[in-house]
Amino acid sequence: MLNRAQWQEDQRSPTYDQMFPPHGFGMAHPIVVWLALVELLGLALAPVTFFVFRGLRDRGWIISKTVGLVLVAWLVWALVSLGWLSYDSGAIWSIIAGVVLGGALLWWSQRRTLTAFFRTHGRAVLMVEGVFLASFAAFVLLRMWYPDLGHQFSPVSPANSGAGRMGEKQLEL
């Protein structure tokens, strides 16, 4: 539970509509924004995963995308929970910028090793990137076909006769 000071701070913070305007670029082009963000964070964290997952054929190229998203989410959560940042779009973009800047410095410091790797294993990297893009496209198509995926259940209410389900047909594969 929030204490009185935390509640007041929460009430002063911006709403999601203010942080992410409904008619902004991100809301108008979510697929492009998500793909660009995932790729950017993957590039930024690639030098880290190249070291940690050096036993894999792609040296963690595909894992770097997930690591990037998880790292940014964790940093936002941790820094806001500690009270060092307020939860707003400025904090999120600052953390993304910090991660990307850190990744650029790592790329620069490891440029010879990374260049040599891409020369010898570029085909494998392109192959896993193709698998990622195909998976991303499949997920986008699934969400376009069934946008309420994952939101089938709601609290019991008179509107749904106490069944605990909303009115849409459940996904059947």
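Q: Which residues do ring pairs link into a cluster?
A: This is a predicted model: local features need pLDDT of at least 70, side-chain atom pairs count only at pLDDT 80 or more, and totals for chains, interfaces and linings use all residues. Side-chain values use heavy atoms, with hydrogens and water left out, and residues are numbered from 1 along each chain as its sequence is written. Rings of Phe, Tyr and Trp (its six-membered ring) pair if their centres lie within 6.5 Å; planes under 30 degrees apart count as stacked, over 60 as edge-to-face and the rest as tilted. The cluster linked by ring pairs contains Phe50, Trp61, Trp107, Phe117 and Phe118.

Q: How many aromatic pairs are there, and what kind is the pair of Phe50 and Trp61?
A: The ring rule gives a count of seven aromatic pairs. In the pair of Phe50 and Trp61, the ring centres are 6.3 Å apart and the planes meet at 65°, so the pair is edge-to-face.

Q: How many residues apart in sequence are the parts that Phe50 and Trp61 tie together?
A: Helices (H or I, at least four residues) and strands (E, at least two) are DSSP runs, numbered from the N terminus. Phe50 belongs to helix α4 (residues 30–52) and Trp61 to helix α5 (residues 61–81). The pair therefore ties together parts separated in sequence by 11 residues.

Q: Which charged residue sits over the ring of Trp108?
A: A charge sits over a ring if NZ of Lys or CZ of Arg is within 6 Å of the ring centre and within 35 degrees of the ring normal. Arg54 lies over the face of Phe51, 4.5 Å from the ring centre. Over the ring of Trp108, 3.9 Å from its centre, sits the charged end of Arg111.

Q: Is α4 oblique or roughly parallel to α6?
A: Axes are lines fitted to C-alpha atoms, for helices over the stretch in contact, and angles run from 0 to 180 degrees between N-to-C directions. The axes of α4 and helix α6 (residues 89–109) come within 8 Å and cross at roughly 45°. Angles under 35 degrees count as roughly parallel, over 145 as roughly antiparallel, 65 to 115 as roughly perpendicular and the rest as oblique. This makes the arrangement of α4 to α6 oblique.

Q: How is α4 placed relative to α5?
A: The two axes come within 6 Å and cross at roughly 105°. That angle makes α4, relative to α5, roughly perpendicular.

Q: Which residues does Thr49 touch, not counting those up to four places away in sequence?
A: Thr49 lies in helix α4 and is buried, at a relative accessible area of 1%. Contact means heavy atoms within 4.5 Å. Beyond four places in sequence, Thr49 touches Arg54, Arg59, Gly60, Trp61, Ile63, Ser64 and Val67.

Q: What is phi of Arg59 near?
A: Most residues other than glycine have a negative phi. Arg59 is in the loop between α4 and α5 and is partly exposed, with a relative accessible area of 21%. Its phi is positive, near 55°.

Note on methods. Buried < 20%, exposed > 50% of the residue type's maximum accessible area, 1.4 Å probe, protein only.
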